[in-house]
Amino acid sequence: MTQMDLQPANGPKASPDAPRPVVEMRDISITFGSVHALDEVSLRLLPGEVHALMGENGAGKSTLIKALTGVYTIDSGTVLVGGEEHEFSSPAASQAAGISTVYQEVNLLPNLTVAENMLLGREPRRFGAINVRAMNRRARATLESLGIDVDPTSELGEHPIAIQQLVAIARAVDVEARVLILDEPTSSLDADEVSKLFEVMRGLRDQGVAIVFVSHFLDQVYEIADRMTVLRNGKLVAERMVADTSQLDLVKLMIGRELEVLDRIDRKVSARTADESGSPVLKALGVGRKGSLEATDLELYDGEVIGLAGLLGSGRTELARLLFGADASDTGEVVIRSERRRLRSPRHAIDRKVAFSSEDRKAEGVVGDLTVADNMLLALQASRGWLRPIPQATRTKLVERYLQALDIRPADPAALMRNLSGGNQQKVLLARWLITDPEILILDEPTRGIDIGAKAQIQAKVAELAAQGMAVVFISAELEEVLRLSDRLVVMRDRRKIDELPNDDVTVSDVLEIIAGEAREEEGPRA
Amino acid sequence: MPETATGLQRVLRHQLVWPVLALVVLLLVNVVAKPGFFDIRMQDGHLYGNLIDIVRNSAPVLLVALGMTLVIATRGIDLSVGAIAAISAAVACTRIVGAGDEGALTTAVMACTYALAVCIVLGAWNGFLVSVLGIQPIIATLVLMVAGRGISMAITDGQITTVHNSWFSDLATGYVLTLPLAFLIALGITALTALLTRRTALGMLIEAVGINPEASRLAGVRSRTIIWTVYAFSGFCAGIAGLVIAANTNSVNANSLGLWIELDAILAVVIGGTSLAGGRFSLLGTLVGALFIATLARTVNNIGIPSELNYLFKAVVVIAVCLLQSPKARSAFRVRRTGGPAVPAAPVLEKAGSPS
């Protein structure tokens, strides 16, 4: 498919032969302050269909779900359930109308039994007391009808997450759900568990339940979904039948820019050439972790920037974390400067001159109540140990140097970190690692959510560092940025590396094609 | 005068302002009740008076609270300090009683050294449970809080052990440079703690671990070592406190020595402005907090609170001080006056109110 449709549809067309939708959301708008979280988005859910809700981060998927489940109140637009207009003021109201939701994190009670969890709040009673036998019987019947093989009297916490997820679905089904919303149900499941989940989903679909499926895994969407709605930046892009939409089209709809414009972006790949004749500074041999990344090989050379490209959940962050030892790997090993060992903690990686800036700036980077100076010096001080404080003169010198070099504002070493803007915090974190004088720098989304100026400064700094011989792994959701900075691209999808290619005039659409899986036959998949 | 206004504001924003204010108010209450409360007289080269008693009596709580401050800064808590103090006293007293020359200086020094070494080991045990086995601090230290009493009973054979060693009793009742030795020891340990945390990088790393453990881990901070260190230090501090308490009566009663001192210490830390949620800590605040606790105990006697209302009075004062310190409580009082509070979930509420 070469021709693609980038025209946003004006809303789903009502086809006369389709059955009546169970739920129809029309022109829903929600604003938070001045931000349009949803802008006249429509969604219709048909009975007996699995409907995939697609879009990148911030597209409005979860806002739309929360509008439907009564968590958020709608500013304008109507919600029809079974043809009747409804206004959901609370999750309970939505549930009463037959809309059940299973969230990504299983929010059940692990210390109660399966049956107790399924019937919590609506236990069958006898003489005012809970009728345990009736409860177990009812739970068993529901589980059997879904083909889930679990003892209802066992404690929920004994079971793996996948089973807990199925129990959550069973609970949702037990309330006579007409609509079942599954928000990222597969994010912590392995392949077998996913197929088990899909079996249950198909069973429910055949019973006429309308299922909303939110997932970042394209293969899974294509396996299970019948219809999809694509959102982007709070707007409806298209409603399509899955069978009629190629994966390439879908990715383009999700990322959605004028491709011609993208292709013309002048890339500033520097003249530097990675010295691949020598031995790699970092080598990953079959590094993997159950549920987050399949065994992956990677080689990184001095002075080169490797860009990890892929959609959210493709495994790009997971790979970075394994390379740094932030998560422990189940398989494989990381060889740094010819020294092979399994990284057990960030400490090991740091001692080998690896630095890693996490994508989650707030939770995993910033120490908000400490000063800018302390935040900058944290990694260096940690590696020196507490008994050898950094001399005051050195402190001042280092902090001043990086405040200036990275143009951090306010340029006040004593300012509290939490009072800085996101961009400046990110620069402080970059400084934290540069101060440790690393040889390998892993940057996960270093430019997310920061202003253009700071972004350009960070990009320039990365290019400069690589030119000085540092090996960099660069991750960003923005493909243009990855292409601009990288010497080599590693394309990830569905928790594995699917391709690796030198960045010779690679365009955004080239990468999109690889991600969509169309180029895989030519290149040959890599394990 | 804008300049003085900002100056005043800066003072008001300083974290020590509320604890100091509370202490001053409490002292003023005492003076109003008994105008002679501040009188200090010199006798035999020693100072005597209510204020001197207060600083002397604050020593055990201050000592325990110092270790507690660091533990709390790492998001932990140490409930076992009272029991450790009892063990320390029991070990020291039985060593002194059992020594060949009960009254000698070396006997006292050896006994105290031995007792403190035991306390450091006990603190390290707490640290092991918390940092290596990952047990929640409140549970991990509860183990020793309960077991520790039993251990100290076993050491003293359940008897009240009385010692006759003037060097040892000087720990509590001695004077140096006209001031009580006990208070000087506590001040000395305060200075040592300040040196240990602020002259090395220990303080900064403790705070980093307490504020954001995951970010600290990813920055390579060895949080296990740090947590281990602070619990061992807390054991050491509790040990000294135990010695001072035992020296005061020249005896050890394993049942009652240091009973509930952990709660006073936690209070002193909290009053001093260190959050139980961990993070930034203030040793100076803890010093003020310990003085406040000691003053409060004195106040109960001084203004003649009936003994049956003793605990109730303390509780009310503590609640008042905590409310005073809480920015949330202060802003709640302020908002009450100006109108409805700003609720974080504003967008939802606004929508609920708007016609749709």
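These legends accompany close-up views of a predicted model.

**View 1. An aromatic pair within one helix of chain B.**
Let's start with two phenylalanines, Phe233(B) and Phe236(B), which both belong to helix α11 (residues 223-249) of chain B. They sit three residues apart, about one turn of the helix. A pair of aromatic rings is described by the distance of the centres and the angle of the planes. Across all chains, a search of the whole structure finds eight aromatic pairs. For Phe233(B) and Phe236(B), the centres are 6.2 Å apart and the planes make an angle of 35 degrees, a tilted pair. Both Phe233(B) and Phe236(B) are buried.

**View 2. An aromatic cluster in chain A.**
Here three residues come together: Phe324(A), Phe356(A) and Trp433(A) make up one aromatic cluster.

**View 3. Arginines over aromatic faces in chain B.**
Arg95(B) is placed over the face of Tyr114(B), 4.0 Å from the ring centre. Arg198(B) lies over the face of Phe281(B), and here the distance from the ring centre is 4.3 Å.

**View 4. The contact between chain A and chain B.**
The size of an interface is often given as the accessible area lost when the parts come together. Between chain A and chain B, about 2600 Å² is buried, with carbon and sulfur atoms giving 65% of that area. Chain A brings 39 residues to the contact, and chain B brings 26 residues.

How many salt bridges are counted between chain A and chain B? The count is one salt bridge. Glu214(B) and Arg321(A) form a salt bridge, their closest N and O atoms being 3.9 Å apart. Seven residue pairs are in polar contact between chain A and chain B, with both residues at pLDDT 80 or more. On the side of chain A that touches chain B, the elements giving two or more residues include β1 (23-32), α10 (316-324), α13 (372-384) and α15 (422-434) of chain A. Helix α13(A) gives the most to that side, with five residues.

Is Thr245(A) buried or exposed? Thr245(A) counts as buried because its relative accessibility is 3%, under the 20% cut-off. A polar atom of the Thr245(A) side chain lies 2.9 Å from the backbone oxygen of Met241(A). Leaving aside neighbours within four places in sequence, Thr245(A) is in contact with Tyr222(A), Met228(A), Arg240(A) and Leu250(A).

Notes:
Residues are numbered from 1 along each chain as its sequence is written. Chains are lettered from A and ligands numbered from 1 in the order in which they are written. This is a predicted model: local features need pLDDT of at least 70, side-chain atom pairs count only at pLDDT 80 or more; totals for chains, interfaces and linings use all residues. Side-chain values use heavy atoms; hydrogens and water are left out. Rings of Phe, Tyr and Trp (its six-membered ring) pair if their centres lie within 6.5 Å; planes under 30 degrees apart count as stacked, over 60 as edge-to-face and the rest as tilted. Helices (H or I, at least four residues) and strands (E, at least two) are DSSP runs, numbered from the N terminus. Buried means under 20% relative accessible area, exposed over 50%, partly exposed in between (1.4 Å probe, protein chains only). A charge sits over a ring if NZ of Lys or CZ of Arg is within 6 Å of the ring centre and within 35 degrees of the ring normal. Contact means heavy atoms within 4.5 Å. Buried area is the accessible area (1.4 Å probe) that two parts lose on being put together, summed over both. A salt bridge is a side-chain nitrogen of Lys or Arg within 4 Å of a carboxyl oxygen of Asp or Glu. A polar contact is a pair of N or O atoms within 3.5 Å; within protein, one must be able to donate a hydrogen and the other to accept it, and residues adjacent in sequence count only if both atoms are side-chain atoms.
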